[in-house]
Amino acid sequence: MIKFSGTVFDLDGVITETSNAHYEAWKELANELGFDLPNDVLDKIRGIPRMEALEIVLSYNDNGILLDESNKKNLAERKNEIYLDKIKNYSRRDLNDGVIELLNLLKKNNKKIALASSSKNAEFLLKALEIYEYFDAVVDPTSVKKGKPDPEIFIRACELIELEPNECIGIEDSQAGIESIKSAGMIPIGIGKHLKCEIKFDNILEFYQYLLEFQTHEDD
Ligand code: CA
């Protein structure tokens, strides 16, 4: 059984699913530029940094528009505008099953809670999802030099909640994130059956149920 004092969450794919909103925003951007995106782009751009996703999207541009780097920056910003407009209507309904229950259980047991997401919109999204107040710390991704699988963002999260990495679990749905947690010296919890991770669950609800059972036995 796992013992821990702090929990560091990834956001997308763990707490909520934004991949569709990202995809729809890219599609709208493409339409504004006069081309369309096939549905399978969704899988190619899932969890990819904005500028890299833009390159993938632009590879479908059959209009022959030539773009330099400053245009690309504007396009990425325009896409983010469309995306923010989509997620500002998110609410607790858009949380993955079991998230609120898990957050309440962690609070009840005095566990520290932090967020380690590379998304610049993470704080905005936590507020839209109405769970911002559960978090003791949210890592500012602009303060992090190296992205996952580098451990930097998870180490920073542990520092912010003033715990040693080996006192914390990290919850991730991507292999890069799991590697990041492992190299930080934390206990990785995988969400998704395809992950290479010792402790993993199909979804957050299952992890919540596992912890709940563990806690019940501890109380005995
Ligand atoms: Ca993720």
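Predicted model: local features only at pLDDT ≥ 70, side-chain atom pairs only at ≥ 80, totals over all residues.
Trainee: Which residues coordinate the calcium ion, and how are the donor residues spaced in sequence?

Mentor: The calcium ion is held by Asp10 (OD), Asp12 (O) and Asp173 (OD) at 2.2 to 2.3 Å, and in sequence these donor residues follow the spacing D-x1-D-x160-D.

Trainee: Is Asp10 buried or exposed?

Mentor: Burial is judged by relative accessible area, with under 20% counting as buried; Asp10 is therefore buried, at 7%, while Asp173, at 24%, is partly exposed.

Trainee: In what order do the strands of the sheet lie?

Mentor: Strands of a sheet pair through backbone hydrogen bonds, either parallel or antiparallel. Here 6 strands make an open sheet in the order β3-β2-β1-β4-β5-β6, with parallel pairing. At the edges stand β3 (137-138) and β6 (200-201), each with a single partner strand, so one side of each has no neighbour in the sheet. Between β1 and β4 there are 4 bridges, and Thr7 has Ile169 in β4 as its bridge partner. Helix α5 (residues 99-108) packs on the sheet, where it touches β1, β2 (112-115) and β4.

Trainee: Where does the largest nonpolar core lie?

Mentor: This core of 54 residues has Phe9, Ile15, Ile131, Phe135 and Ile171 as the residues with the most contacts inside it. Domain 1 (6-16 + 91-219) and domain 2 (19-87) both contribute residues, so the core lies between them.

Note on methods:
Residues numbered from 1 in each chain as written. Heavy atoms only, no water. Donors = N, O, S within 2.8 Å, 3.2 Å for Na, K, Ca; no water. Buried < 20%, exposed > 50% of the residue type's maximum accessible area, 1.4 Å probe, protein only. Core = buried A, V, L, I, M, F, W, Y, C linked by side-chain atoms within 4.5 Å. Domains from an automatic or database assignment. Pairing = 2+ DSSP bridges. Helix = DSSP H or I, 4+ residues; strand = E, 2+ residues; numbered from the N terminus. Contact = heavy atoms within 4.5 Å. Axes fitted to C-alpha atoms, helices over the stretch in contact; angles between N-to-C directions.
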